[in-house]
Structure formats: C-alpha cells, structure tokens
Amino acid sequence: MPHNRGTRRNPRYVGVVFYKGHTRWVGTHRSVTAYKQAAFERLTELREEIDRAEGRRVPTVMEFAGAVMH
C-alpha cells in the first residue's frame, strides 16, 4: 500500500511489499501509478527469489550422514 511521505502539492509515495514473511523496499515515486508499477516489479522479483530458494533445501546433519534413530 503506497504511503505519501511528501505534501499535497509535492507527493512522494513510498512503501514495501511482503511475500511469505520477507519484505522488499519499493522506493520513492512521484505518482501512485509509478509506485504501483514498481511495487509489482519488486513483488515479482521477491516471489521468484523466495520460490527459487525453497527449491534448494539444505539437508540436516542426520540426513547427510544417513543416520537412523532407533
């Protein structure tokens, strides 16, 4: 959601986007449409980054060693 950090005559929209507990700064923009476009781009980048990282699951020490608990 954009937040106006400027004045009525000189607006500056800022904010962050969230995805699965992670945040990404969108930046400062002069118009709401520019902010929304940038927010969409940052959200797309964040989703790709998080989804790609979930595919690279690191095994635990027990899984790596092949240990079995009885």
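Between which two strands does the loop with Lys20 lie? Lys20 sits in the loop between strand E3 (16-19) and strand E4 (22-25). Helices (H or I, at least four residues) and strands (E, at least two) are DSSP runs, numbered from the N terminus. This is a predicted model, in which local features need pLDDT of at least 70 and side-chain atom pairs count only at pLDDT 80 or more, while totals for chains, interfaces and linings use all residues. Residues are numbered from 1 along each chain as its sequence is written, and side-chain values use heavy atoms, with hydrogens and water left out.

Start with the overall layout. The protein has 4 strands and 2 helices. Along the sequence they follow the pattern β-β-β-β-α-α. The radius of gyration is 20 Å, well over the 11 Å that the globule rule gives for 70 residues, so the protein is more spread out than a compact globule. That radius is taken over C-alpha atoms, and the globule rule is 2.2 Å times the number of residues to the power 0.38. The C-alpha trace spans about 70 × 15 × 10 Å along the principal axes.

Next comes the surface. Of the 70 residues, 21% count as buried. Buried means under 20% relative accessible area, exposed means over 50%, and partly exposed lies in between (1.4 Å probe, protein chains only). The accessible surface comes to about 5,900 Å². Carbon and sulfur atoms hold 57% of that surface. These areas come from the Shrake-Rupley method with a 1.4 Å probe; for residues, only the protein chains shown count as cover.

Now the contacts. A contact means heavy atoms within 4.5 Å. Among contacts with a separation of 6 or more, 26% join residues 24 or more positions apart.

Then the charges. The protein carries 13 positive and 7 negative charges, and their mean positions are 15 Å apart. Lys and Arg count as positive and Asp and Glu as negative; His and the chain ends are not counted. Each charge is placed at NZ of Lys, CZ of Arg, CG of Asp or CD of Glu.

Side chains of opposite charge can pair when their charged atoms come close. The structure holds 5 salt bridges. Each is a side-chain nitrogen of Lys or Arg within 4 Å of a carboxyl oxygen of Asp or Glu.

Return to Lys20. Its phi is near 50 degrees, a positive value in a residue other than glycine. Lys20 is partly exposed, with a relative accessible area of 49%. Lys20 forms a salt bridge with Asp51, and the closest N and O atoms are 3.9 Å apart. Lys20 lies in the loop between E3 and E4 and Asp51 in helix H1 (residues 32-55), so the pair ties together parts that are 31 residues apart in sequence. Asp51 is partly exposed too, at 38%.

Which residues does Arg24 meet in salt bridges? One is Glu45, at 3.6 Å from N to O. Arg24 lies in strand E4 and Glu45 in helix H1, so this pair ties together parts that are 21 residues apart in sequence. Another is Glu49, at 2.7 Å from N to O. This pair links distant parts of the chain, with Glu49 in helix H1 and Arg24 in strand E4, 25 residues apart.

A network of salt bridges joins Arg24, Glu41, Arg42, Glu45 and Glu49.
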